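Work through the exercises below with the sequence and the 3D structure open. Try each task before reading its solution.

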Amino acid sequence: MEEIECEIKEVIKKSEIPEDYPHAKNVKEWVLRLKSDADTALQIAALAHDIERAISNRKILKNNFKDYDSFKKAHSINSAKITLEILNKFPLSKEVKDKVRYLIENHELGSENDQELSVLKDADSLSFFEVNLPLYFQRHNIDDTLFRMQWGYRRISERAKEFLKQFKYKNETLNNLLKEFIYNNK
Ligand SMILES: [Fe+2]
């Protein structure tokens with residue numbers, strides 16, 4: 001497990017996007033906070049779910065897709081593929097590998113009825129708000145930021161929304177934006 005995690009982290013560390021590596025580690029932390037008995041597959045999926053973004057010559061580009069959902073689906077499938085290439089170097093059971101693939105392929109738009117997938121989606125979205133949003137906000141305008149917040153918010157559970165309410169940013173504009181956003185989405 002440790003060796004696998006090291007290899008995944010080495011790939012993500014090379015990402016050109018500064019928040020990719022802290023986000024990967026933070027999603028795993030959120031997964032364990034939300035489900036302390038998360039199994040190996042769920043922990044690997046948490047760490048590697050966005051791995052394709054870190055590899056510039058294999059990365060899926062948003063502009064090639066007609067809408068954000070199709071872009072996110074292609075991103076998930078590509079991340080699962082790259083993760084499996086890493087996992088195949090290790091003596092893991094087919095069951096664990098299939099589960100990692102399933103979790104990563106569905107982490108953006110997956111079913112509401114799968115508890116582990118919901119944990120992964122909640123962890124990913126909470127981490128987006130916690131780690132990525134301040135940096136995302138520096139690179140994008142308010143409309144794009146609000147669209148991305150909306151996209152993350154609509155996929156989280158009521159439980160995760162309670163955590164989100166407690167988030168505080170150093171940037172006051174962003175704090176007010178989140179407060180207003182939560183109020184408007186009640
Ligand atoms: Fe993510």
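Helices here are DSSP runs of H or I with at least four residues, and strands are runs of E with at least two, numbered from the N terminus. The model is a predicted one.

**Exercise 1.** Determine how many helices and strands the chain has, and how compact it is.

Solution. Step 1: count the elements; there are 9 helices and 0 strands. Step 2: write them in order from the N terminus, which gives α-α-α-α-α-α-α-α-α. Step 4: take the spans of the C-alpha trace along its principal axes, about 50 × 35 × 30 Å.

**Exercise 2.** Describe how helix 2 and helix 3 pack.

Solution. Step 1: two packed helices are described by the angle and the distance between their axes. Step 2: the axes of helix 2 (residues 20–34) and helix 3 (residues 40–48) come within 7 Å and cross at roughly 150°. Step 3: the crossing is right-handed. Step 4: list the residues in contact, which are Ala24, Val27, Lys28 and Val31 from helix 2, and Leu42, Gln43, Ala46 and Leu47 from helix 3. Step 5: sort these residues into 6 nonpolar, 1 polar and 1 charged.

**Exercise 3.** Is helix 9 well covered or hardly covered?

Solution. Step 1: a residue is buried if 20 or more other C-beta atoms lie within 10 Å of its own. Step 2: of the 13 residues of helix 9, the count of buried ones is 0, so by this cut-off the helix is hardly covered.

Methods. Residues are numbered from 1 along each chain as its sequence is written. This is a predicted model: local features need pLDDT of at least 70, side-chain atom pairs count only at pLDDT 80 or more; totals for chains, interfaces and linings use all residues. Axes are lines fitted to C-alpha atoms, for helices over the stretch in contact, and angles run from 0 to 180 degrees between N-to-C directions. A crossing is left-handed if the near helix is turned anticlockwise from the far one by less than a right angle, and right-handed if clockwise. Two residues are in contact if their C-beta atoms, placed from the backbone, lie within 7 Å. Ala, Val, Leu, Ile, Met, Phe, Trp, Tyr, Cys and Pro count as nonpolar, Asp, Glu, Lys and Arg as charged, and the others, Gly among them, as polar. A residue is buried if 20 or more other C-beta atoms lie within 10 Å of its own, exposed if 12 or fewer, and partly exposed in between; C-beta atoms are placed from the backbone. The radius of gyration is taken over C-alpha atoms; the globule rule is 2.2 Å times the number of residues to the power 0.38.
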